[in-house]
Amino acid sequence: MTVQLNVSAPFTARVVLLDLDGTLIDTAPDLAGAANHALRKLGRQPAGMPVIRGFIGNGVRELMRRALSIQQEPSEAELDAAMVDFSRYYGEHLLDHSQIYPGVSDTLKALQAQGRELVCITNKAKAFTEPLLKRLELYDFFGLVLSGDSLPKKKPDPLQLLHAAAHFHQPVGDCLLVGDSCNDTQAARAASMPVACVTYGYHGDEPVHTLNPDAVLDNMSELLDILA
């Protein structure tokens, strides 16, 4: 069931912005695999999947920093070394276990058929974002892909959202961000953009309802029900 909060739905949303990790694709298994590979290389104990899931959302360097900090705060040199191992391994294992969430592909097809502009907006680095989208045959749905290193700032800063609205010459009120975490809701509020959150993503132990998004979706297909 779609739950709507504090909204005057349906949303116009000529531009739909979609988060990647935890919203479009379940990438946690392969991110955890890469993080644990790097931890082992440094002689650290691997971390469990629930722990790694809680670190996703602020880019892979912050994920790796937090994974290392489970046992001991890393020096920048240790973090740099870990990132070399992480990046090499993750780049080679992007799709060992990662999968598109149910309802995503059909929803993107429907949104595209409706003539809406689609944006993938993520804190993941471009070096991982674009190969992931292309290999899962999602890349061509998007008129714009904004990765974590595409602009000087990333979520929860609103810059990516404002850039996307300006790119398509649309007011932020005619856009909608779809995400899964506080990074998304904070960025949307700062941009004065409506935001919907999915319940199945990476939001730690905090239910997405507590983030006060404008809509809550149990399945991406429910997005179609809240658009004008």
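In which loop does His169 lie?

Reply: Happy to take you there. Please keep in mind throughout that this is a predicted model.

His169 is in the loop that runs between helix α7 and strand β7 (175-179). Two things can be said about this residue. The backbone has a positive phi of about 55°, although His169 is not a glycine. That deserves a second look, since most residues other than glycine have a negative phi.

Is Ala13 buried or exposed? Ala13 is buried, because its relative accessible area is 0%, and anything under 20% counts as buried.

As a reminder, most peptide bonds are trans. Pro156 belongs to the loop between β6 (144-146) and α7 (159-167). Helix α7 therefore has the loop of Pro156 on one side and the loop of His169 on the other.

Leu20 lies between β2 (15-18) and β3 (25-26), and it is buried because its relative accessible area is 0%. Apart from residues up to four places away in sequence, Leu20 touches Ile25, Cys120, Ile121, Thr122, Lys124, Thr129, Leu132 and Leu133. Its C-alpha is 20 Å from that of Ala190, a residue 170 positions away along the chain. Gln45, in the loop between α1 (28-41) and α2 (49-53), counts as exposed because its relative accessibility is 56%. Beyond its neighbours within four places in sequence, Gln45 is in contact with Leu39 and Gln71. Gln45 and Leu68 are 23 residues apart in sequence, with 9.1 Å between their C-alpha atoms.

Now for the wider layout. The protein is divided into domain 1 (4-24 + 101-225) and domain 2 (28-93), and their C-alpha centres lie 25 Å apart. The contact draws 9 residues from domain 1 and 11 residues from domain 2. Together the two domains bury about 900 Å², with 53% of that area on carbon and sulfur atoms. On the domain 1 side, Lys124, Phe128 and Tyr202 supply 58% of the area buried against domain 2, more than any other three residues. Lys124 is also one of the residues that Leu20 touches. How many salt bridges does the rule find across this interface? The count is 0.

The structure holds 3 aromatic pairs. One of them joins Phe86 and Tyr90 in a tilted arrangement, 5.6 Å from centre to centre and with 35° between the planes. Both residues lie in helix α4 (residues 76-92), 4 residues apart, which is about one turn of the helix. Phe86 counts as buried because its relative accessibility is 0%, and Tyr90 counts as buried because its relative accessibility is also 0%. Tyr90 forms a further pair with Phe128, this time edge-to-face, at 4.9 Å centre to centre and 70° between the planes. That pair links distant parts of the chain, from Tyr90 in α4 to Phe128 in helix α6 (residues 126-135), 38 residues apart. Tyr90 and Phe128 are both buried, and Phe86, Tyr90 and Phe128 form one aromatic cluster.

The charged end of Lys134 sits over the ring of Tyr139, 4.8 Å from the ring centre.

Definitions and conventions
Residues are numbered from 1 along each chain as its sequence is written. This is a predicted model: local features need pLDDT of at least 70, side-chain atom pairs count only at pLDDT 80 or more; totals for chains, interfaces and linings use all residues. Side-chain values use heavy atoms; hydrogens and water are left out. Rings of Phe, Tyr and Trp (its six-membered ring) pair if their centres lie within 6.5 Å; planes under 30 degrees apart count as stacked, over 60 as edge-to-face and the rest as tilted. Helices (H or I, at least four residues) and strands (E, at least two) are DSSP runs, numbered from the N terminus. Buried means under 20% relative accessible area, exposed over 50%, partly exposed in between (1.4 Å probe, protein chains only). A charge sits over a ring if NZ of Lys or CZ of Arg is within 6 Å of the ring centre and within 35 degrees of the ring normal. Domain bounds come from an automatic or database domain assignment. Contact means heavy atoms within 4.5 Å. Buried area is the accessible area (1.4 Å probe) that two parts lose on being put together, summed over both. A salt bridge is a side-chain nitrogen of Lys or Arg within 4 Å of a carboxyl oxygen of Asp or Glu.
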